[in-house]
Amino acid sequence: MAWFCSAQWTTFTPPLTASTMGMDIRYVVTSLTEGSAEHIYDTLYCARGQAENLIKLHKTQLASDRTSCRSPNANQMRLILHTAAYWLLWRIQQEIPKAASLATAEFATLRLRLLKVAARVIESATRIRVAFASACPDASVLKAIATNLRPAPT
């Protein structure tokens, strides 16, 4: 196997990981001259992987790749609604307390545990109250999310 090396290209190896399946060696090749190898790996390479993971969440857990309507406008509207749902779930995920068990949950789990919940909604002139069942296991997480998403007083 031959490796092409040039003064324009930089090759570095990020930290190695080992598992029961053997060593996981990765190489990153870049033409960037600014920044250290660790900076390039942590901020650019890993960010690209995270972006791919977010796209995969959008497609698999929200079924946004399903465009089965005959009309392109209907498919576009469907994709817009899926993107709105994605944004809502991503925003909820960002506000979950880090100590909660749902802090690292996927969108499908968040949808089942936080959005598909029976509650009584009581509207008054000045506020909206949501009453959960006493056996609701995630009521404290829902309260924390609602508190964190509350708009700042004006």
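Helix 2 covers residues 72-95, and at 1.5 Å a residue its 24 residues should span 34 Å; the end C-alpha atoms are 35 Å apart, which agrees. That expected span is 1.5 Å times one less than the number of residues. Helices here are DSSP runs (H or I, at least four residues), numbered from the N terminus.

Some ground rules: this is a predicted model, so local features need pLDDT of at least 70 and side-chain atom pairs count only at pLDDT 80 or more, while totals for chains, interfaces and linings use all residues. Residues are numbered from 1 along each chain as its sequence is written, and side-chain values use heavy atoms, with hydrogens and water left out.

Start at the N-terminal end of helix 2, which Ser71 caps: one of its side-chain oxygens lies 3.2 Å from the backbone nitrogen of Asn73. That is a polar contact (a pair of N or O atoms within 3.5 Å, where within protein one must be able to donate a hydrogen and the other to accept it, and residues adjacent in sequence count only if both atoms are side-chain atoms).

Next look at Asn75, also in helix 2. Asn75 is buried, at a relative accessible area of 15%; buried means under 20% (1.4 Å probe, protein chains only). A polar atom of the Asn75 side chain lies 3.0 Å from the backbone oxygen of Cys69. Leaving out residues up to four places away in sequence, Asn75 touches Thr67, Ser68 and Cys69.

Which other residues of helix 2 are buried? Besides Asn75, they are His82, Tyr86, Leu89, Ile92, Gln93 and Glu95. The buried residues of helix 2 pack against helix 1 (37-60), helix 3 (107-115) and helix 4 (139-149), with contact meaning heavy atoms within 4.5 Å.

Take helix 3 now. Its axis and that of helix 2 come within 11 Å and cross at roughly 80°, so the two helices are roughly perpendicular, the label for angles of 65 to 115 degrees. Axes are lines fitted to C-alpha atoms over the stretch in contact, and angles run from 0 to 180 degrees between N-to-C directions. Tyr86, Leu89, Trp90, Ile92 and Gln93 of helix 2 meet Phe107, Leu110, Arg111, Leu114 and Leu115 of helix 3.

Finally, the axes of helix 2 and helix 4 come within 9 Å and cross at roughly 105°, so this pair is roughly perpendicular too. Arg91, Ile92 and Glu95 of helix 2 make the contact with Ile145, Asn148 and Leu149 of helix 4.

Terms used. Buried means under 20% relative accessible area, exposed over 50%, partly exposed in between (1.4 Å probe, protein chains only). Angles under 35 degrees count as roughly parallel, over 145 as roughly antiparallel, 65 to 115 as roughly perpendicular and the rest as oblique.
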